[in-house]
Amino acid sequence: MAEAVAGRGRRPALGAVGWLGFAMLGTIVLASVFAPIVAPYDPTVTTGRPFESPSTTHLLGTNDIGQDILSELMWGGRVSLAIGALAAIVGTAIGTLVGVLAGYFSGWSDAVLMRLADVVLVVPFLPLMILLAAYVGPSIASLAIVIGFLVWARPARVVRSLVLSQRSRDFVVAARSLGAQHTRILRLCILPSVFSLSLAEFVQLASRAILLEAALAFLGLGDPVQKSWGSVLFYAQARGALLSPAWTWWVLPPGLLITGAVLGLALLGYELERILNPRLRLR
Amino acid sequence: MMPGSPLANLAGEEVGTLTAAERDQVMRQAGLDRPLHEQYAIYLGDIARAELGYSYQRQRPVAEVLIERLPWTLLLTGVALIGSTALGILFGALAGWRRGRRSDLGALGVFIFLESLPGFWLAMILVAIFAVQLRIFPTFGARDLYSGLEGLAYWGDVARHLVLPVTTLVLITVSATFLTMRASMLSVLGEEYITVARGKGLAERQVLFRHAVRNALLPVATVFLLNLGQTVAGATVIETVFSYPGVGRLMYEAVLARDYPMLQGGFLVITLSIVVANMFADLAYPLLDPRVIRHG
């Protein structure tokens, strides 16, 4: 009875850390989503002299061909965040599916799927991603799919352990002994808690995916048509920004934005996981 | 940029002027005209004979180039891995020991922040500050190519080139070890033998290092393995920023040149070394924790 009350009772609220993450992420997302309205210039057009230092007309200065860097970063955020979100959707979907299958129908399918997850966890991402990205070619969709296929192992493991513990709960055992079918047990007893946990995992994956996309784009493997934060840094490196004072306005801001988005997502995901993972909550 | 056909690199600049027949001949020489499954079967057979193929870009055997580059990557990742593990254990132990105090929360914040940094960007910032502005460390490479240094001076030069890449790698990989060590300390500190050690009247320092840290180290061994892959992956980008002549940069150059044999060879070597390292660690685990033997 006491446990039922605790389980049904109010969920712990988002703490200060969670709100901080939410605020960081929210600011960056809003600035990117509304880039067409709020960005001061068209980032693809030359609007100043090359290598202009920050001023009131160009708040973050200009790049080597006189494009406004602030506008470039706002537009670039759309690409970076979109790839992060799409990759996280792919990764969470695969991870959740694998986790549920492995956890619920244990036995050989569990063994096979989890060994597969081990392989994905251990293989060094970046070389493999470089290889895959080189083969499939760059576009937002293909990058998102490649990244998604490389990050599903963690959610799969977390979801699996949740399903394992849910499956042996009294009400599931009772339902099964009453003759309920697998689909009914999954739908009513297992999946609701899995989905809320998947949300937390989605946020964590998005943070990883943004970092990975940035690294790929920095290596010049991003979409050449659409600049992301990573490809802004690729151009900065290629045009020798590090050797001039321009690094303070051309190299620092994109990295800080990546860090801000990743950190915001990580903090938010950390809190969500604490709130939404019943296994952690019971402790 | 991507995608592209290796044809351009096989045939050189005349690729545009080749007739269809000449183009076919180039493709046939490289075996690219066969169906994919046949190419794959040939590839597997070659691997079994340790035959990694011929680099289109460098016109040299892939294995030869890899052997040249591998020591640099091993040096870089080896030093970085030792550094990040040692620092992660030290700070993790101290933070766990001072749980909930301001120093613990501060360290937690710093390490979570470090985990969010893009490695290549951190590398760029370090280059801009320490190599370009302050001129303390070299901007690129693994050694001075034309200095003719020998003996101790040579190794000093190598070490100077190693500082910035290693610092970057340590900073971006250290938090996994830190977080694990801290969590592990928290659970160990709740154990009864810690209370007993305190009850015996041992100094706090002795309780910390002799009783708590040693037992808290076990989960770190597992993270060490996962970090191994992360370090190698991180090294790929960081070698590129620093033009460090390792396998990571080699792979990057191979991507740009569509040098598929080189890419596959590099990836194979990286993956194999990680699998082998994992195997060794699995074998070594019972030495660290005799309890696992019983569970078979």
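Helix axes are lines fitted to C-alpha atoms over the stretch in contact, and angles run from 0 to 180 degrees between N-to-C directions. The structure is a predicted model, in which local features need pLDDT of at least 70 and side-chain atom pairs count only at pLDDT 80 or more, while totals for chains, interfaces and linings use all residues. Residues are numbered from 1 along each chain as its sequence is written, with chains lettered from A and ligands numbered from 1 in the order in which they are written.

Chain A contains 14 helices and 0 strands, where helices (H or I, at least four residues) and strands (E, at least two) are DSSP runs numbered from the N terminus. Along the principal axes, the C-alpha atoms of chain A fill a box of roughly 75 × 40 × 30 Å.

Within chain A, the axes of helix 2 (residues 16-33) and helix 4 (residues 69-104) come within 7 Å and cross at roughly 110°. The two helices of chain A, helix 2 and helix 4, are therefore roughly perpendicular (65 to 115 degrees; angles under 35 count as roughly parallel, over 145 as roughly antiparallel and the rest as oblique). Their crossing, that of helix 2 of chain A and helix 4 of chain A, is left-handed, a term used if the near helix is turned anticlockwise from the far one by less than a right angle, with right-handed used if clockwise. Helix 2 of chain A contributes Ile28(A), Val29(A), Ala31(A) and Ser32(A) to the contact, and helix 4 of chain A contributes Met74(A), Gly77(A), Arg78(A) and Leu81(A); residues are in contact if their C-beta atoms, placed from the backbone, lie within 7 Å. These residues of the contact between helix 2 and helix 4 of chain A divide into 5 nonpolar, 2 polar and 1 charged (Ala, Val, Leu, Ile, Met, Phe, Trp, Tyr, Cys and Pro count as nonpolar, Asp, Glu, Lys and Arg as charged, and the others, Gly among them, as polar).

In chain B, helix 4 packs against helix 7 (residues 151-189) at an angle of about 35°, with the axes 5 Å apart. The crossing of helix 4 and helix 7 of chain B is right-handed, and the residues of this contact comprise 20 nonpolar, 9 polar and 1 charged. Helix 4 of chain B (residues 62-97) has a kink of about 35° at Arg69(B), shortly before the proline Pro71(B).

The contact between the chains takes 33 residues from chain A and 33 residues from chain B. Helix 6 of chain A gives the most to the side of chain A that touches chain B, with 7 residues. By class, that side of chain A has 28 nonpolar, 5 polar and no charged residues.

Technical notes. Bend = angle between axes of the 7 residues up to and from the residue. Contact = placed C-beta atoms within 7 Å.
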